[in-house]
Amino acid sequence: MSHVGIAAVFQDSFDDNSDDYEVSKAVDFYGTSFPLASAFHSEEQIKFMSPMLCDYLRGIDKNYFVHEVYSDWGSWYEPEKPERLRYMLWSIISHGAKGLLYWQMRAERLGLENNLAGFLNMDGSNKQITKVVSEVGKILADNKKIFSNAEPEKADIVFVYDYSSLMMSNIEDHDRELFAIRKCKNPVNYYNKAVYGMYKLLIEEGYRIDFIDSRDIEKINDYKVAYFPYAAMLDNNSQKTLKSFADNGGILLLDEGFGLRQKNTWLATNHIDFDVLFDARWNSRVRDYKDKNETFVLDGEKVTIKPYKTEYEVKNAKVIATFDDNVPAILKVASGKGQIILFGSSIGYSYALFGEKGWKSFIKNVLCEIPAMDNYGDGIITTINKTPDGELKYIFNTNEYDINISCEFDKIVFGGKTNDKKLLVNAGDVACVFIKK
């Protein structure tokens with residue numbers, strides 16, 4: 001059993017890295033620390049990063065553990081908010097972790113970790129968050145059978161995570177630091193930001209997400225839609241699998257930069273070396289290094305071009321959106337029963353920064369035949385776990401106000417109450433209901 005301090009999906013591989021897929025093969029059980037503290041992350045980030053980290057780890061090891069839940073950060077930062085800890089804990093549980101371990105019980109007294117972590121103070125007295133730890137533990141103990149047999153419902157959409165592309169992205173993105181006279185901030189951090197943005201977009205629209213590693217590319221056939229964030233280094237030996245996936249009705253969402261480099265890291269000579277998949281080339285590629293934030297119109301709404309603008313030329317492709325200079329922005333290629341969509345600007349990265357309506361409208365149209373979970377309104381995130389006797393439905397109310405939800409269920413497991421035949425979920429709270437088969 002082993003765990004990583006910060007999983008690759010959050011890691012800056014130029015400074016530190018963990019090939020979670022490779023390391024997981026050396027142990028029986030793999031897991032992660034969970035350092036998503038309010039001290040470092042906004043509530044918006046925690047809202048989506050918490051489940052994203054879990055979904056990513058479940059793609060590495062379906063029996064993953066969270067070995068270090070930082071119930072608080074301490075170290076002279078502001079204390080963790082109880083509602084944020086509750087959100088994190090139920091995200092971990094509802095997204096398939098087989099176990100979790102707090103780091104730690106009492107706050108640290110030693111070395112650099114001054115007053116670090118701990119759901120109790122150094123002298124053993126309670127913190128605000130102590131009650132949350134107790135509440136969640138009691139709910140689990142009182143419902144052992146139902147929680148121990150619950151599994152996240154399989155998604156229709158999969159993110160194909162390519163570690164080589166991640167590393168290349170971070171190396172590329174440090175060029176201004178390495179070659180400028182004065183140190184500049186990392187300008188892009190492209191790969192993981194694209195992952196986060198696309199995950200956020202799809203979760204907001206009610207879709208479930210699974211992850212697979214690109215070295216398990218054959219698993220793509222278990223899904224209906226596959227998203228490739230900046231797959232610049234994707235092994236072109238995968239192209240027969242991708243072609244078969246599309247031919248059999250799958251949708252390939254290829255974000256900007258797909259096939260940009262060969263496996264030896266050299267740039268492809270304009271031609272994208274995935275000939276089995278499609279006949280494509282890139283004619284030009286420009287980074288928005290001056291933060292011009294140029295836009296183009298998509299489904300009647302402006303969306304921002306980030307972080308690159310690439311002109312692609314694809315044989316037999318249909319142009320479904322253009323940049324303002326009439327250069328194709330998004331191209332679609334029919335492939336058997338399915339389709340391949342190639343982006344000239346990153347949908348994931350752009351949405352991570354701006355959250356624009358045009359991207360939402362576009363993705364709704366593309367995924368119109370993919371079932372989404374029930375939509376209970378803005379700020380409500382839903383997760384479903386299957387059990388032998390039915391399903392657990394978790395409802396996360398991330399709003400600052402209480403909400404009544406029309407939701408059929410047989411039992412409230414925790415966190416909500418009935419109000420005029422509706423489920424009342426308090427502001428910032430999590431409710432879980434059981435629905436029999």
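Me: What makes the space beside Asp-156 and Ile-157 a cavity?
Reply: This is a predicted model, and in it that space is the second largest cavity, with a volume of about 40 Å³. A space is called a cavity if a 1.4 Å probe fits inside but cannot get out. The cut-off for the count is 30 Å³ or more, and three cavities are found by that rule. At about 40 Å³, the second largest cavity belongs in the count.

Me: What kinds of residue line the second largest cavity?
Reply: The lining is made of Asp-156, Ile-157, Tyr-207, Arg-208, Ile-370 and Pro-371. Ile, Tyr and Pro count as nonpolar, while Asp and Arg count as charged. The classes therefore come to four nonpolar, two charged and no polar residues.

Me: What is the volume of the largest cavity, and which residues lie nearest its centre?
Reply: Its volume is about 170 Å³. There are 21 lining residues, and Asp-55, His-95, Arg-208, Thr-382 and Thr-383 are the ones nearest the centre. Among the elements giving two or more residues to this lining are H2, helix H3 (82–94) and helix H8 (190–204), together with E7 and strand E18 (380–387). The most comes from E18, which gives four residues. By class, the lining has 11 nonpolar, five polar and five charged residues.

Me: Why can E18 be called largely enclosed?
Reply: A residue is buried when its relative accessible area is under 20%. In E18, seven of the eight residues are buried, so the rest of the structure largely encloses this strand.

Me: How do you know which strands pair with E18?
Reply: Two strands pair if there are at least two bridges between them. Strand E5 (residues 151–152) has two bridges to E18, and these strands run antiparallel. Here Pro-152 has Asn-385 of E18 as its bridge partner. Strand E19 (residues 390–397) is joined to E18 by eight bridges, also in the antiparallel sense. There, Thr-383 has Tyr-394 of E19 as its bridge partner.

Me: Why are E7 and E15 said to stand at the edges of their sheet?
Reply: The open sheet has seven strands in the order E7-E6-E8-E9-E17-E16-E15, with mixed pairing. Strand E7 (209–213) and strand E15 (318–322) each have a single partner strand, so one side of each is left without a neighbour in the sheet. From one strand to the next, the twist averages 20 degrees.

Me: What makes E6 and E7 a pair?
Reply: Strand E6 (residues 157–161) runs parallel to E7, with five bridges between them, and the rule asks for at least two. In this pair, Val-158 is opposite Asp-210 of E7. Helix H2 (residues 43–60) lies across both strands, at about 45 degrees to E7.

Me: Why are E1 and E4 described as edge strands in the other open sheet?
Reply: That sheet holds four strands in the order E1-E2-E3-E4, with parallel pairing. Strand E1 (2–4) and strand E4 (100–102) have a single partner each, so one side of each has no neighbour in the sheet. The twist there averages 25 degrees from one strand to the next.

How values were computed: Residues numbered from 1 in each chain as written. Predicted model: local features only at pLDDT ≥ 70, side-chain atom pairs only at ≥ 80, totals over all residues. Heavy atoms only, no water. Axes fitted to C-alpha atoms, helices over the stretch in contact; angles between N-to-C directions. Contact = heavy atoms within 4.5 Å. 1 Å grid on protein atoms, 1.4 Å probe; cavity = no way out; pocket = protein on both sides within 12 Å on 5 of 7 lines; lining within 4 Å. Points joined across faces, edges and corners; volume = space filled by probe spheres on them. Buried < 20%, exposed > 50% of the residue type's maximum accessible area, 1.4 Å probe, protein only.
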